[in-house]
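Please look over the structure below. A short report follows, with one topic under each heading.

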Amino acid sequence: MIYCAFDGSFEGLMTLVFDTYRISPEVGEVGTAAEGSSLLPVRVFVSDDAKARRIKNYLEHQLGAEFAFMVKAAFLSSRPGRFRAIVKIIHRACQLGPEVLSLLDEDTLAFLACQREVRREAHRFQGLLRFSEMADGSLLAVFAPRHHVLPLIMPHFADRFPGEEWVIYDEARQVAGLYDRGSLTFAQVAEINPRESASEQEVQSLWRVFFRELAIKQRLNPALQQQHMPKYTWKNLPEMREMMPLESLSAKGYDVFDHKRR
Amino acid sequence: MDLEQKLAILTDAAKYDVSCASSGSSRPGVKGGVGNTAAGGICHSWTADGRCVSLLKLLYTNVCCYDCAYCVNRRSNDVPRASFTPDEVARLTIDFYRRNMIEGLFLSSAVAISPDRTMERLIRVAEILRQRERFNGYIHMKVIPGASAALVQRLGYLVDRASVNVEFATDRELSLLAPDKTRRGIEGNMLAIRDKKLELLPTLYHGAAPPAFVPAGQSTQMIVGAADGNDRDILGRAEALYQQMGMKRVYYSAYVPVNLPSSQQARTPLLREHRVYQADWLMRFYGFRAGEILGERPNLDLAVDPKIAWAVANYRLFPLDVNTAPKELLLRVPGLGPRSVERILAARRLARISYEALGKTGAVMRRARYFISAQGRRPYPLVDDPERVYRALAGQDKEAHQQLSFLEAV
């Protein structure tokens, strides 16, 4: 068993898939050279465009667009075992075809879990991302997802707001996705200095009024709310940033449903 | 009155309408326009009661000429009244939509002056959004019961979804609680939408596709427990609406007696609404008929979900072998859903499924174990007595157990 190291890029990982195909059972862990890690002996695999292209072609044309998309999604995951899961699943799919995904063993389930989490979070942020209007009329959204979902959500917003100029900033990874009337680009940005338009706070406070009035106060269920809208997303949501604590809600006559209180 | 006050009053007045879905339409963005729609719908937030916020849900006005016994906005109630202008609603929709706070607009209204006059205002809002603002996101509008067919048609070309509320399962309840509405008026509007949709079904091989008319279909809402209608009435009516009106979705809402002093309130237990929803899912996704779900009973069993109730009543069909049982029967096993059944079918094409592997298909084994076997093995020590299975499963439903013991204690 060896620790297979690569440069962290998608091309690098695809090269590694190519180079380890004949020694698949020996692949113990997969990660970047910087992470280094375990007690296993390290072997470095150098990224090679020709090899990477062969694997990518194989994914697209032999295993199908859905399979290829799953691999890309899994690559954006933050789970510790993601790279190993990707390498193993492609090796086995080369023998068994895309039906390999129907097996119920640990490697397959790990791969499926990786891509599922990423796609789920991408879908979640299609809803939970919030734009603010800037002084120049453009839109800015800031978020901090657990997985690197920015590349997956950009096309959705490009389709939705085609005539605007907007930026989505992942503050955890310091990556910005920029859109200007048709073209998508990505950039590393260490810091942003937003200047809001004059009416921005007014719209946000109207939104908070709507959000507050919509709740049926005889049926409060904060646990359910938080299950759908986990706390790590609150910081960038105008309606949750100024959330009232539960005690003050009860004091105002709201009926808070609490499992523990009976 | 400023916009913030209006928004507060007309959101508060709209919140009991339970529909929130933005699903059923799939329309890409257009150049020069704002917005698109996603087939599966998107939730943008969740209120403190745990409900999804997808659409800007508002009443256009809460000034009403009707006097329905169950409704907070009835004529004889002393509540603050407000009305938007079409421009105000359009402005709010666009401002929220651009910030990705909503998928679109869900506009309903009290009946001001007459059904047709009210419908004209709603249509005006939709026209401003679609034509002036080039808004391409989701619009769901209520049809005011009894509005003329011509107006319903005009509305249908502007919106994604239209809905007329049936309000109550039986005519008796409707005439008692909503004396100004009639079943003929309500179903007349539904039929008008259904028939127009059928008329416009794209005729293959002939010219361009017809313009979209209510592309996301119709939905409706029924109140549970306001008078003496039982679950058989409710599920029977829902089944007829799905089959005869082509309804996409029926929503249910436990009755909240907003017009009675709190001492007299007999709120419908939320558990009943929950069971009705579970039965509705069984009809829509699991191939059950209303009659099968209820058997001989007038009301659903509150102690267990209706799928368990059916499986226990039909215990002679079980256990099913997951390696050979047909899909339709697997779907009827408590603890298995469409997704886990798909995984079982895919996995068993490659190899026989062992009992140990079953849990990895997403099956909820704590329920399914009473009803399945794998490779001749039963995951659970054989229980041949359906009564015991019933008791074991009823004990698992903690929330139902809590609510029931609470009801008994009162």
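## Strand S7 of chain B and its partners

S7(B) and strand S8 (residues 249-254) of chain B pair in the parallel sense over six bridges. Strands pair if DSSP finds at least two bridges between them. Strands (E, at least two residues) and helices (H or I, at least four) are DSSP runs, numbered from the N terminus. B:Thr220 has B:Val250 in S8(B) as its bridge partner. Strand S6 (residues 161-163) of chain B also runs parallel to S7(B), joined by two bridges. There, B:Ser219 of S7(B) stands opposite B:Ser163.

S7(B), helix H7 (residues 231-244) of chain B and S8(B) form a right-handed β-α-β unit. Right-handed means that, with the strands pointing away from the viewer, the path from the first strand over the helix to the second runs clockwise. S7(B) spans residues 218-224. Six of its seven residues are buried, so the strand is largely enclosed by the rest of the structure. A residue is buried if 20 or more other C-beta atoms lie within 10 Å of its own, exposed if 12 or fewer, and partly exposed in between; C-beta atoms are placed from the backbone.

## Model and confidence

This is a predicted model: local features need pLDDT of at least 70, side-chain atom pairs count only at pLDDT 80 or more, and totals for chains, interfaces and linings use all residues. Residues are numbered from 1 along each chain as its sequence is written, while chains are lettered from A and ligands numbered from 1 in the order in which they are written.

pLDDT is the predictor's confidence in each residue, from 0 to 100. Chain A averages 88, and 91% of the residues score at least 70. Over residues 256-262 of chain A the pLDDT is below 50. Where pLDDT is low, the predicted coordinates should not be read in detail.

## Where the chains meet

In chain A, 38 residues are in contact with 39 residues of chain B. Contact means that the C-beta atoms, placed from the backbone, lie within 7 Å. H7(A) gives the most to chain A's side, with eight residues.

Helix H1 (residues 3-12) of chain B has buried residues, among them B:Leu7, B:Ile9 and B:Leu10. Their cover includes helix H7 (200-214) of chain A and strand S3 (55-59) of chain B.

## A loop residue in chain A

A:Ser78 sits in the loop between helix H3 (65-75) and helix H4 (82-96) of chain A. It counts as partly exposed because it has 14 C-beta neighbours inside 10 Å. Not counting residues up to four places away in sequence, A:Ser78 touches A:Arg146 and A:His147. The C-alpha atoms of A:Ser78 and A:His147 are separated by 5.3 Å, though the two lie 69 residues apart along the chain.

Methods: Two residues are in contact if their C-beta atoms, placed from the backbone, lie within 7 Å.
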